[in-house]
Amino acid sequence: MTPTILRRLADVVGAAHVITDDDTLAGYLADWTGRWTGVADAVVRPRTTEEVAAVITLCAADGVSVCVQGGNTGLVGGSVPPAAGDSPTLVTIVLSTARMTDLGDVDATGRCVGAQAGATVAAIDRHAASHGLRFGIDLAARESATAGGVVATNAGGIRMIRHGNTRGQVLGIEAVLADGCILRRWSPLIKDNVGYDLPGLLAGSEGTLAVITEVLFALVTPPAATTVAVLAIDRVAATTELIAAASRRGLIVEAAEIMTAAGIDLVHEYGARRPVAEPAPFTFLIEVSGSGTVDEELFAAIEGIDGVRGAVAEPGPATALWAARETHTESIARSTTTPVVKLDVSVPIRALPEAFDRFTVVPADLGVQGRPILFGHVGDGNIHVNYLDVPCADEHRVTEAVFAVVADLGGSISAEHGIGRAKAAWIGLGRTDVDIVAMRTVKTALDPQNLLNPGVLFG
Ligand code: FAD
Ligand code: 2HG
Ligand code: ZN
């Protein structure tokens, strides 16, 4: 990158916010899993939308590619630039939204709030809570994951069963396009049917179509009271049966998460309390709300389910019960001796028991080393398939074998984390040729120079 463009970038954001020294740069170049490391000439940290627009205009003029980074908690390698060998001639900056953390006033009547791209999920939720409302998106990375990041990945998370994915929470969006123009669709209207749903298109675009600078999010009303129950269960199908039984009793399912004995042993090793005393192949966490005696209704529903070995319940938020679930990702990262093979898939609900059986034996069937830890948002058919200690040379075979099972069961190779760099080679398993051509046409129309996150999504 030439000194001239670095100077111009510094003129826009201030010299202190153009980082070029190797030590500081390194913190922005490795992803959360440690699996992906890229190279960049600088990290640029704008404060305002206008600064983002000026940065992108400069980059577009000089053919500099841009990797947008929010909280860097993404799990598919999309938040870091390409590795040195991938595109040796590419000049790249990381555009970090770390300084763009403003929150607008909560509209308590319209139930919405504006958030700058770098505001964290937790900050948005706390802001909403101070007005008696809640952010409908929640995930264990809440203190770091950002508004821009959850929209760009169309994150799911633990409340998806109740409120839907991030795309469904986006009322309006402001974004800087690849030519530096500012696109603003900003209306709290719930019904607004004029033309293409561009905010919906940017949700899940993984930094490849525009830099999201601000988001107008819908907010939800929190339940008056919730009960969190954790059950030791013999059968995966018991989860689906209990969700249905609880719904029939008028309870609202706020979250439904499954874990395996191997996962519970692992998080316990790293300090989490075992939520239920009884050993069982699976542990099921269900959070419900409703009117009346929610806990009594829930236990009545549980009584009718076969294969329940033990259950405990607490009024929400029951953070101690949730801890075993929420510490899975971090415990896996600490325990694995090679980069974890992390696959985020979904299958039709009826196929969940078979999927658990088949994913568990993938490494053994291939004759490959690998400890399976499966868990996930079972109510959405979403299984987080993690294999620890897989030798790097076997990573590809293990991934292919999992995706073959997913295809066989009619599932998706990306339930909520996106494609990023990790799954770009397999996008054809998730979409038809015509679909991929249509997506590429959109990409080319909005980013003709392929400057925004090259290598992500399409490889
Ligand atoms: P980053 O990691 O910085 O970026 C992710 C992608 O979004 C990249 O492609 C990046 O280029 C793009 N991007 C970021 N900001 C912008 C912007 N302003 N404009 C355009 N593109 C942008 N994910 C789930 O879906 N559900 C979960 O339950 C969940 N739980 C998690 C738990 C843990 C412990 C961890 C570490 C991760 C978890 N994740 C989960 C993954 C991750 O938190 C989400 O993908 C999240 O949405 C990423 O947000 P971020 O701000 O960290 O984005
Ligand atoms: C979760 O649900 C995240 O906790 C992370 O999506 C999943 O670590 C994983 O595989
Ligand atoms: Zn998840």
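1. Let's start with the space taken by ligand 2, which is the largest pocket. A pocket is an open set of points on a 1 Å grid over the protein atoms alone, with protein on both sides within 12 Å along at least five of seven lines. A molecule sits in a pocket if more than half of its atoms lie within 2 Å of its grid points.

2. A word on the ground rules. This is a predicted model, in which local features need pLDDT of at least 70 and side-chain atom pairs count only at pLDDT 80 or more, while totals for chains, interfaces and linings use all residues. Residues are numbered from 1 along each chain as its sequence is written, chains are lettered from A and ligands numbered from 1 in the order in which they are written, and side-chain values use heavy atoms, with hydrogens and water left out.

3. Which residues surround ligand 2? They are L75, R325, T329, K342, F375, H377, H384, N386, E416 and H417, where a residue is near a molecule if one of its heavy atoms lies within 4 Å of it.

4. Next, look at the polar contacts of ligand 2, meaning pairs of N or O atoms within 3.5 Å. A polar atom in the side chain of R325 is 2.7 Å from an oxygen of ligand 2. For H417, a side-chain N or O atom is likewise 2.7 Å from an oxygen atom of the ligand, and for N386 a polar side-chain atom lies at 3.0 Å from a ligand oxygen. On its own, ligand 2 has 300 Å² of accessible area, and the protein covers 88% of it; such areas come from the Shrake-Rupley method with a 1.4 Å probe.

5. Now find the zinc ion, ligand 3. Its coordinating atoms are NE2 of H377, NE2 of H384 and OE of E416, at 1.8 to 2.1 Å. Donors are N, O and S atoms within 2.8 Å of the metal (3.2 Å for Na, K and Ca), and sites may look incomplete because water is not among the atoms. Along the sequence, these donor residues follow the spacing H-x6-H-x31-E.

6. Buried means under 20% relative accessible area, exposed means over 50%, and partly exposed is in between (1.4 Å probe, protein chains only).

7. Ligand 1 has 36 residues around it, and V68, G70, T73, G74 and T146 come nearest. Backbone atoms also make polar contacts with oxygen atoms of ligand 1: G70 at 2.7 Å, E206 at 3.2 Å and G149 at 3.3 Å. Taken alone, ligand 1 exposes 970 Å², of which the protein buries 97%.

8. What builds the shell around ligand 1? Strand β3 (65-69), helix α5 (147-153) and strand β9 (210-220) each supply at least two residues, and α5 gives the most, with five. Helices (H or I, at least four residues) and strands (E, at least two) are DSSP runs, numbered from the N terminus.

9. L6 belongs to helix α1 (residues 3-13) and is partly exposed, at 23% relative accessibility.

Methods. A polar contact is a pair of N or O atoms within 3.5 Å; within protein, one must be able to donate a hydrogen and the other to accept it, and residues adjacent in sequence count only if both atoms are side-chain atoms. On a 1 Å grid over the protein atoms alone, a cavity is a set of points where a 1.4 Å probe fits but cannot get out, and a pocket is an open set with protein on both sides within 12 Å along at least five of seven lines; lining residues have an atom within 4 Å of a point.
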